[in-house]
Each structure stands twice: as C-alpha cells, then as structure tokens.
Amino acid sequence: MKEKKEERKRAKWRKFCPKCGKQTDEFFDSLCEDCFRQGITLLEPQDREVSLNVCTHCGSYFKGKERTSIEAVVADSVRKAIRKKYGSDCAVEITGLRSEIEEGERRARVFLVANAEIEGVAIEERDEVAVILNRETCERCGRIAGGYYAGIVQIRAECRVPTDDELAAAEEIAYSSLGEEDFVSKEQTLKEGLDIYVSSMDCGRRISRAIVKKLGGSFSKSQKLYGRKDGRDIYRVSFSVRLPGFKSGEVVEIGDKQISVEKIVEGKGIEGEDINTGESVFVSKKELMRAKILNPKY
Ligand SMILES: [Zn+2]
Ligand SMILES: [Zn+2]
C-alpha cells in the first residue's frame with residue numbers, strides 16, 4: 001500500500017521532452033539529450049569553405065604573409081567558427097585532419113573530426129571543408145626571380161687566399177644558417193675569395209657570425225646607400241669576413257718552396273724557415289697571397 005503511494009508520488013514528478021515526448025530527468029536547453037544533439041550543427045555551410053594562397057614556385061601555403069599549411073588554416077577556421085557560434089570558452093578539438101588536393105591544384109578538400117563540448121554534452125561531427133587555393137608568386141620567390149639581394153658576405157683571409165676547403169666549409173655554413181625566408185641569390189668566386197649575395201642584412205650577419213665561430217677570424221660590416229623606396233633610404237650591406245692569417249707552426253707552400261711559419265709580422269708578412277734548405281726567410285704580404293697552407297691549424 002505504502003509502495004504504491006511512493007510510485008504515484010514519483011510519477012507526478014516525471015518529466016517529458018517537449019519535442020519527442022520521451023520521459024527524462026536530464027534536460028539540455030529544455031530538451032532531452034537526443035533531441036538536443038540533433039539540433040546541434042557545429043559547422044554551418046559558410047564555415048565549410050576557406051581560401052588560402054599557394055606559391056606556384058615553391059609550393060608554400062600562405063595566409064596573408066604568414067607561411068602555413070592547409071590543415072592548420074582549416075583547423076583554425078573551424079575552431080573559430082564553432083567558438084563564434086557556441087561561445088569563446090567552448091572546448092573544441094579538431095582531429096583526423098586529412099587533405100586531398102584536387103586536380104589542377106586550385107582546390108583542396110579537407111576531412112576532419114570536430115569535437116566540442118556544448119552545455120556539458122560532448123558533440124562529435126565529421127566534416128569536410130573546401131579550400132580555395134589562390135595561386136600566386138610569394139614574395140621570396142619573386143625576389144629570387146628578380147635577383148634581389150640586400151647584403152653580401154665577402155669571405156677573405158688575412159694575408160692569404162682562403163683554401164678551397166675553407167670556402168667549401170664557409171659555403172656550407174652559409175646555407176645551413178639560412179632562415180625560412182632567407183635565400184642566397186648569387187655566389188661569385190673571386191681570386192681573393194668568395195662573395196655570397198644574400199636576401200637580408202640579418203641573414204648576412206648570421207652567416208658571418210657562424211663562419212667566424214667555426215673557422216676563426218673576424219668580420220666587419222659596412223653599408224652603402226643603394227637607393228630610396230617609399231621615402232626611405234635603402235642600404236646594401238657588406239660583411240667582410242676575414243679568416244685568420246697564417247699561424248706559427250704552419251707550413252706554407254709558395255711555388256716550389258715550403259716554409260715553416262715562425263713569426264707573423266703584422267701587416268707586412270711572415271718570418272720563417274725554408275724547410276728544405278734550413279734558410280731563414282721573410283715572405284711579404286703580397287707573396288703570401290699565392291701561398292697555400294699545407295697543415296692548416298683551425
Ligand atoms: Zn527529445
Ligand atoms: Zn614561393
């Protein structure tokens with residue numbers, strides 16, 4: 001008797017979903033969970049299309065001037081669209097990003113799974129976003145094509161000509177010091193060394209610093225007014241890298257003579273000994289420019 005009474009009491013408080021009529025105790029936005037889920041669409045049709053620039057030369061993707069990837073742009077725009085609709089603090093997670101570039105490379109399709117928590121309910125939606133690829137030439141490629149450079153790194157050595165090995169090492173250091181936006185526009189081998197034409201002053205400085213750190217010596221900077229653009233002076237900057245000169249203990253070869261370096265006479269040349277005759281010799285700075293080190297000591 002008592003049990004029946006309890007049941008009646010509970011029934012009195014039973015609640016129903018106004019949409020489907022199902023009995024429920026939990027309501028989400030006044031609906032049962034199923035009806036609430038059905039009413040949610042994370043992405044609207046206008047959220048399923050984004051555009052992006054692609055460089056036809058290097059294949060890089062850009063949003064504005066920033067280098068990016070198709071997946072990153074899509075994930076970002078999907079996240080923003082969901083937060084715009086359901087609140088900036090809505091937890092969103094994008095997974096399973098996969099893109100397919102369509103023939104002609106003017107469009108791409110990106111597949112993804114969007115997860116968001118809305119009113120405490122975890123919603124998962126599989127989506128497809130169309131990406132319009134605007135084909136362009138990026139700034140970097142445009143500059144490369146135009147032979148642009150902003151600085152020259154001049155690799156020389158004190159009182160001598162850098163060895164082929166040194167120049168090869170310097171070249172390698174230069175390329176490995178390039179940042180994403182940097183490039184080498186030209187290289188010129190001269191009888192006194194190597195000139196590397198680079199895209200920016202910062203890049204020239206970075207290369208010079210790295211060469212000196214690895215091969216020794218020092219570098220200095222000088223700039224020349226090149227022209228004006230938008231009311232500003234444009235400079236071209238040269239970095240003069242001086243690899244160390246001869247060191248005592250090194251053996252240099254000049255013509256058919258081999259000379260052991262004993263003393264460096266600053267700005268003038270070296271004093272040394274001809275290792276074949278034992279004779280003391282002085283070699284002038286000018287003559288040293290023809291010399292080759294046989295046992296370089298870095
Ligand atoms: Zn319902
Ligand atoms: Zn490019």
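Predicted model: local features only at pLDDT ≥ 70, side-chain atom pairs only at ≥ 80, totals over all residues.
Residues are numbered from 1 along each chain as its sequence is written, and chains are lettered from A and ligands numbered from 1 in the order in which they are written.

Colleague: How far apart do the C-alpha centres of domain 1 and domain 2 lie?

Modeller: The domain assignment, whose bounds come from an automatic or database assignment, gives domain 1 (45-139), domain 2 (147-243) and domain 3 (251-293). Between the C-alpha centres of domain 1 and domain 2 the distance is 40 Å.

Colleague: Are the helices α5 and α6 parallel or oblique to each other?

Modeller: Two packed helices are described by the angle between their axes and the distance between the axes. Helices (H or I, at least four residues) and strands (E, at least two) are DSSP runs, numbered from the N terminus, and axes are lines fitted to C-alpha atoms, for helices over the stretch in contact, with angles from 0 to 180 degrees between N-to-C directions. The axes of α5 (residues 164-176) and α6 (residues 201-215) come within 9 Å and cross at roughly 135 degrees. Angles under 35 degrees count as roughly parallel, over 145 as roughly antiparallel, 65 to 115 as roughly perpendicular and the rest as oblique, and α5 and α6 are therefore oblique.

Colleague: Is isoleucine 259 buried or exposed?

Modeller: Isoleucine 259 belongs to strand β13 (residues 257-265), and its contacts beyond four places in sequence include Val251, Gly272 and Val283. A residue is buried if 20 or more other C-beta atoms, placed from the backbone, lie within 10 Å of its own, exposed if 12 or fewer, and partly exposed in between. Because isoleucine 259 has 26 C-beta neighbours inside 10 Å, it counts as buried.

Colleague: Which residues is tyrosine 226 in contact with, leaving aside its neighbours within four places in sequence?

Modeller: Tyrosine 226 sits in strand β10 (residues 218-229), where its 12 C-beta neighbours inside 10 Å make it count as exposed. Leaving aside neighbours within four places in sequence, tyrosine 226 is in contact with Ile234, Tyr235 and Arg236.

Colleague: What is the phi of glutamate 119?

Modeller: Most residues other than glycine have a negative phi, and most peptide bonds are trans. Glutamate 119 lies in the loop between β5 and β6 (121-136), and with 14 C-beta neighbours inside 10 Å it counts as partly exposed. Its phi is positive in a residue other than glycine, with a value near 50 degrees.

Colleague: Where is aspartate 230, which has a positive phi although it is not a glycine?

Modeller: Aspartate 230 has a phi of about 50 degrees. With 5 C-beta neighbours inside 10 Å, aspartate 230 counts as exposed. Its place is the loop between β10 and β11 (232-243).

Methods: Contact = placed C-beta atoms within 7 Å.
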